[in-house]
Amino acid sequence: SHVPASLPITPSLPSLGKGMEICPDGQNTITPAQFNGGVSVNGGDYQPVVTVKDSDLLTLRGTIRMDSLHLPLTTDIFVHASYQATGQGKPSHWMVDEKGQVLPWDENPAHLDPFRTGVPSASGLLEVEIFQGKMLASGLGSGKVAITFGYQLEDGRIICGSQPIEINVVK
């Protein structure tokens with residue numbers, strides 16, 4: 001397959017399973033798209049589940065091999081996450097917009113702001129640079145962050161990875 005020359009070569013990323021169409025009614029459908037991704041902590045290997053401290057340097061990356069039936073010339077990429085503080089009941093849900101702002105999200109796919117727009121996608125392979133930095137900047141306390149990313153089809157449907165990247169934050 002052809003990878004655009006402008007993208008860096010991605011190191012080996014763990015599988016995050018097949019794609020899943022996220023539907024407003026909660027009836028999510030599995031698709032043939034393949035998702036890979038993980039977190040590198042302090043320059044280590046990419047892992048799908050990590051435990052980190054505020055001082056750790058994190059790099060989150062992902063790749064999407066799109067369903068061959070869904071290869072638009074360009075697509076929008078989405079990143080959303082849930083955060084559950086240690087000892088708390090329900091998680092809060094968030095999305096990351098094009099400016100890198102983390103905004104509240106109501107879990108309705110129609111209300112997701114894109115993380116990147118107009119991404120060339122005719123090759124069927126998307127690379128997603130999600131985050132690089134320290135958890136300290138997030139202001140989160142101890143808890144679990146589950147990050148999912150995906151792309152939008154021309155008809156508006158959103159396909160995301162079926163398994164999130166999980167970051168356990170310890171203080």
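Buried means under 20% relative accessible area, exposed over 50%, and partly exposed in between (1.4 Å probe, protein chains only). By that rule Asp54 is buried, at 18%.

This is a predicted model: local features need pLDDT of at least 70, side-chain atom pairs count only at pLDDT 80 or more, and totals for chains, interfaces and linings use all residues. Residues are numbered from 1 along each chain as its sequence is written, and side-chain values use heavy atoms, with hydrogens and water left out.

**Salt bridges**

The structure holds six salt bridges (a side-chain nitrogen of Lys or Arg within 4 Å of a carboxyl oxygen of Asp or Glu). Three of them are tabulated here.

| Pair | N to O distance |
|---|---|
| Lys171 and Asp54 | 2.7 Å |
| Arg61 and Glu129 | 2.8 Å |
| Asp155 and Arg157 | 2.8 Å |

Arg61 lies in strand E5 and Glu129 in strand E10, so this pair ties together parts 68 residues apart in sequence. Strands (E) are DSSP runs of at least two residues, numbered from the N terminus. Arg61 is buried at 10%. Glu129 is partly exposed at 40%. Lys171 is exposed at 59%.

**Around Glu21**

Glu21 sits in strand E1, residues 15-22. Glu21 is buried, at 13% relative accessibility. A salt-bridge network links Glu21, Asp155 and Arg157. Asp155 is exposed at 52%, and Arg157 is partly exposed at 31%. Beyond four places in sequence, the contacts of Glu21 (heavy atoms within 4.5 Å) include Asn28, Thr31 and Ile159.

Conventions:
Helix = DSSP H or I, 4+ residues; strand = E, 2+ residues; numbered from the N terminus.
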